[in-house]
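Please read it alongside the sequence and the structure shown here.

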Amino acid sequence: MSTESVILYFPELLVQNSAPIMHLINMIGQTLSSFFLIGIPGLEEFHHWLGIPVLLLYSLSLLGNCLIILIIRLEPSLHQPMYFFLCMLALNDLALSSSPAPKMLSIFWLDDHDIGFDACLVQLCLIHTFSIIESALLVAMAFDRYVAICQPLHYTTILTNKVVVLMGLVASLRAAIVVFPCIILIKRLTFCTKNIIHHTYCEHMAMVKLACSNAIINRIYGICVALSVVVLDMGLITMSYARILQAVFRLSSNKAQSKALGTCAAHVCAILTTYVPALFSFLTHRIGTKVSPSIHIIFASIYLLVPPAVNPLVYGAKTKLIRDWVIFTLFSNKETVAKQ
């Protein structure tokens, strides 16, 4: 309900020159243009302390992913499909963590809770788009491991640079096509007096729950998108790893088996850190009525901040070429300094 609507239906309010009533009218008029992000309900007194892990995770994400991109860019031996996918994942992780983190820090440390309606929609769009791209890239990386282990002789002919770029474009296009209707459906909703979002960032269901008009279409579409993305992507990843395990256990040498599985270790860690908190957040939004709101919001924040921070560490530690490049660079620099 806008300010004009209040005056139209209740003109007697203008006669009563009451400051509280005029303040209420102003608040109703403002709810359509802004929201109030409460942060983590129940833990408001600890917001300043909660900002520390958020800053650490965001800093790790920026530093680690930029380093991964730089290493792959500078080292010619890493110009292979596997590392191109890793570079795409690093770029996406930078964008994913940068979508909520700055606003979360401003809430925790500056008490800056207000966010404009359009800015909220943009943040929602970015978060969900990059989350879906993240899932698609994990599928692409599982396919890369499947081809490398199950069809090694055809690896270079199947995963050409053109195919890798095409897979990245398809992942981005799918995310954009899926998320765009969410924005259109939210724009058609009416938001009356409730503008408090019990979250640290603008999330689809958190916004839909504030609508005073019928939002059943939004709810159904949100569930369909989440289920289709998770079921399809996790199904493809499971199929890839089922075939990988079959191929690995056919190998006669234990050393060959461990080496093949070792190449998948980093990817499995990335899958677990991405999907476990995401599934927890999705399920608690819909069926987790007994889950504390603070626990739900913490997990919802974890799935946006932890994977981008952890992925570079995992891939850096588990990928020999990247690990060797870092060690060689560090020691060569020390030797150069010592000689000078």
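Helices here are DSSP runs of H or I with at least four residues, numbered from the N terminus. The model is predicted. Two packed helices are described by the angle between their axes and the distance between the axes. The notes below take helix H11 with two partners, H9 and H7, and then turn to the second largest cavity.

**H9 against H11**

- Helix H9 spans residues 161–187 and helix H11 spans residues 216–249; the two pack at an angle of about 165°, with axes 10 Å apart.
- Angles over 145 degrees count as roughly antiparallel, and H9 and H11 are therefore roughly antiparallel to each other.
- The crossing of H9 past H11 is left-handed.
- On the H9 side, the contact is made by Arg 174, Ile 177, Val 178, Pro 181, Cys 182, Leu 185 and Ile 186.
- H11 contributes Ile 217, Asn 218, Tyr 221, Val 225, Val 229, Leu 232 and Asp 233 to this contact with H9.
- By class, the H9–H11 contact has 11 nonpolar residues, one polar and two charged.

**H7 against H11**

- Helix H7 covers residues 117–150 and packs with H11 at an angle of about 15°, their axes 9 Å apart.
- Because angles under 35 degrees count as roughly parallel, H7 is roughly parallel to H11.
- H7 also passes H11 in a left-handed crossing.
- From H7, the contact draws on Ile 132, Ser 135, Ala 136, Leu 138, Val 139, Ala 142, Phe 143, Arg 145, Tyr 146, Ile 149 and Cys 150.
- From H11, the residues in contact with H7 are Val 225, Val 229, Asp 233, Leu 236, Ile 237, Ser 240, Tyr 241, Arg 243, Ile 244, Ala 247 and Val 248.
- The H7–H11 contact divides into 17 nonpolar, two polar and three charged residues.
- Val 225, Val 229 and Asp 233 of H11 take part in the contact with H9 and in the contact with H7.

**Second largest cavity**

- The count comes to two cavities of 30 Å³ or more.
- The second largest cavity has a volume of about 40 Å³.
- Its lining is formed by Asn 65, Ile 68, Leu 86, Leu 89, Ala 90, Asp 93, Asn 311, Pro 312 and Tyr 315.
- Helices H4 (47–74), H5 (81–98) and H13 (293–318) each supply at least two residues of this lining.
- H5 gives the most to the lining, with four residues.
- The lining of the second largest cavity is made up of six nonpolar residues, two polar and one charged.

Conventions:
Residues are numbered from 1 along each chain as its sequence is written. This is a predicted model: local features need pLDDT of at least 70, side-chain atom pairs count only at pLDDT 80 or more; totals for chains, interfaces and linings use all residues. Side-chain values use heavy atoms; hydrogens and water are left out. Axes are lines fitted to C-alpha atoms, for helices over the stretch in contact, and angles run from 0 to 180 degrees between N-to-C directions. Angles under 35 degrees count as roughly parallel, over 145 as roughly antiparallel, 65 to 115 as roughly perpendicular and the rest as oblique. A crossing is left-handed if the near helix is turned anticlockwise from the far one by less than a right angle, and right-handed if clockwise. Contact means heavy atoms within 4.5 Å. Ala, Val, Leu, Ile, Met, Phe, Trp, Tyr, Cys and Pro count as nonpolar, Asp, Glu, Lys and Arg as charged, and the others, Gly among them, as polar. On a 1 Å grid over the protein atoms alone, a cavity is a set of points where a 1.4 Å probe fits but cannot get out, and a pocket is an open set with protein on both sides within 12 Å along at least five of seven lines; lining residues have an atom within 4 Å of a point. Grid points are joined across faces, edges and corners, and a volume is the space filled by probe spheres set on the points.
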